[in-house]
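Morning, everyone. Please have a look at the model on the screen, and I'll take you through it.

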Amino acid sequence: MSELKIVNCSKYYKKNGEPMCALEKADMHVESGRFISIIGPSGCGKSTLFNIVAGLIRPSRGTVLLDGNDITRESGHVGYMLQKDLLLPWRSILDNVIIGLEIRGVPKKEARKRALPMLRHYGLGGFEYDHPDALSGGMRQRAGLIRTLLYDKDVILLDEPFGALDAQTRMQMQNWLLKIWQDFKKTILFVTHDIDEAIYLSDEIYVFTHRPGKIKARIEVDLLRPRNEKTLMNDRFLELKRELLLMLREERISE
Amino acid sequence: MLEEKDKSELIIEDPTVEQTKLRRRAIVGQIILGVLLIVFWELSSRIGWLDSYYWSSPSTIVRTGWKAIVQGNLLQDLAYTSGSTILGFILGTAAGYLLGLTFWWSDLYSRIFEPYLIAFNAVPKLALAPVLVIMFGIGFDSKVVLAFLMTIIVAAIAAYSGVENVDKDLEKMLVSLGAKRRHVFMKVVVPTTLPWIVSILKINISLALAGTIVGEFISSRQGIGRMILYAGQVLDIDLVWVGVVVLSILSIVMYLGTVWLEHVLMKGRTPKP
């Protein structure tokens, strides 16, 4: 069980002496095991929100609650994966994915033993002892996500993890992510620019406005699971897509 | 028969074979060039193109060197010089590396100290040699201190540059995985800065040697530097050449040592771009 509540979080920065709002009064209630996407134009405060939830920056106002406990400004409660894979180039893939366990004090040998079957099961078999520069972008993202999963937190934040991948790889990775999500029953918060991706993956989508970043709408995605390529041609899918496109167009016009 | 048989051979190129061939040829070429230079030196001093009083000759140098080994203290001098060089190099480089790494710990601290690091780097340390010899005596210590001072700032500046290149996002990623500052330090900062420190090992070993020799020039009872100075004073130029040749060989051996060290430290890593 893990219930994430973001209560009235705002973040202001000073720019040329003027306070500038990066995120305004974000309120989110994320139930356990849900797949939530956050979509919005660039500069809509999505990354600010993630940094706040991950405890990396302090909100100017507001709190973050995990199962009722205040985790504002405390890192280490949720898994967080950034857009870059951020694998350490001097470590093998295996040693990269166990780094969270190492930090927690699990002996290297034990951590490796735990990680190996997971790497093999989730499509990185044969690459365990390679260094990151020998892997393709998709494979590196997989390693990054397995590292986050091995850290074993119920809530995982994914900040545009597939943003830098080509369309074909992207589709593969989306299915791969859904499989992992089903296997591990994690709560996932997923930032993306891509409307199709958001609908295809999520249970709910939050639409953010452009500066100041603010939640504009919350959309329930009532498409059946398991989803596959056919889902993309489903009438309901197209309806949701139209709705979202119009919303985001409004945002662009109001810019 | 309509079909004409292709009788040409199947050609498969193997780039590694080409590479080994090239390497082998290069080594042979290098040896030939070296031998030619020595022969040229020897002949020109024998037939009088070069004044053998100033330029000596390879055969004389070998003979004088052998005599210095058998009758003199050449080997002890060599041990003395290489000992203080290597000790000063290790202490200076390690201390400099640690000093540079501390700059990661606090922004305020690094801002306060940075100009002093640069200023100290600008001080010609060799000019301090007379003072250091007075402070630390004419023995082994003063040479080690000189080698130490020659190397510490170079290492500190290299480590500092490495620290400035630590990827902030990597730190962020580790912190999100619950890392404390010491974890970030051990798992990201040290490995990131390692190539920087490794890249100055070769420079530092020759700086350390220069420091030691100047120390021996100023005042010493032993060492190749002292031997050269003494030989120069009694106009034994052949012996000066022996000293120069021995120092060159020492320098090459230590250089190869750092290449090996570099290899060990960077095992399984791609070098800094």
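This is a predicted model: local features need pLDDT of at least 70, side-chain atom pairs count only at pLDDT 80 or more; totals for chains, interfaces and linings use all residues.

Chain B first. What does its secondary structure come to? It comes to 12 helices and 0 strands.

Now its overall form. The radius of gyration of chain B is 26 Å, whereas a compact globule of 273 residues would be near 19 Å. Along the principal axes, the C-alpha atoms fill a box of roughly 95 × 70 × 30 Å. How much of chain B is buried? Of its 273 residues, 34% are buried.

One more number on contacts within chain B. Take the contacts between residues at least 6 apart in sequence: 78% of them join residues at least 24 apart.

On to chain A. The record comes before the geometry here. UniProt, in an unreviewed entry, lists residues 4–235 of chain A as "domain: ABC transporter". That span is 31% helix and 27% strand. Its end C-alpha atoms are 32 Å apart.

Domain 1 of chain A takes residues 4–78 + 153–254, and domain 2 takes 84–152. The centres of these two domains, over C-alpha atoms, are separated by 25 Å. Where they touch, domain 1 of chain A supplies 12 residues and domain 2 of chain A supplies 11 residues. Which helix gives the most to the domain 1 side of chain A? Helix H6, residues 167–184 of chain A, with 6 residues. By class, that domain 1 side has 9 nonpolar, 2 polar and 1 charged residues.

Next, a sheet in chain A. Strands of a sheet pair through backbone hydrogen bonds, either parallel or antiparallel. Here, 4 strands of chain A form an open sheet, ordered E2-E1-E4-E5, and the pairing is antiparallel. Which strands sit at the edges? Strand E2, residues 18–30, and strand E5, residues 69–70, both of chain A, are the edge strands. Each of these pairs on one side only.

Let's follow strand E1 of chain A, residues 4–15. E1(A) pairs with E2(A) over 9 bridges, in the antiparallel sense. A:Lys14 faces A:Pro19 across that pairing. Further along, A:Lys11 stands opposite A:Leu23 in E2(A). The hairpin of E1(A) and E2(A) has 2 residues between the strands, and A:Asn16 has a positive phi near 50° there.

E1(A) also pairs with strand E4 of chain A, residues 61–66, again antiparallel, over 5 bridges. In that pairing, A:Ile6 has A:Val64 in E4(A) as its bridge partner.

Last stop: the two chains together. How many residues does each chain bring to the contact? Chain B brings 14 residues and chain A brings 17 residues. On the chain B side, the elements that give two or more residues are helix H8, 168–176, and helix H9, 181–199, of chain B. H8(B) gives the most, with 6 residues. By class, the chain B side has 6 nonpolar, 4 polar and 4 charged residues.

To recap: chain B has 12 helices and 0 strands. Chain A has an open, antiparallel sheet of 4 strands. And H8(B) gives the most to the side of chain B that touches chain A. That's it from me.

Technical notes:
Residues are numbered from 1 along each chain as its sequence is written. Chains are lettered from A and ligands numbered from 1 in the order in which they are written. Two residues are in contact if their C-beta atoms, placed from the backbone, lie within 7 Å. Ala, Val, Leu, Ile, Met, Phe, Trp, Tyr, Cys and Pro count as nonpolar, Asp, Glu, Lys and Arg as charged, and the others, Gly among them, as polar. UniProt positions are given in the numbering used here, feature names are shortened, and annotations may be inferred rather than shown by experiment. The radius of gyration is taken over C-alpha atoms; the globule rule is 2.2 Å times the number of residues to the power 0.38. A residue is buried if 20 or more other C-beta atoms lie within 10 Å of its own, exposed if 12 or fewer, and partly exposed in between; C-beta atoms are placed from the backbone. Two strands pair if DSSP finds at least two bridges between them. Domain bounds come from an automatic or database domain assignment.
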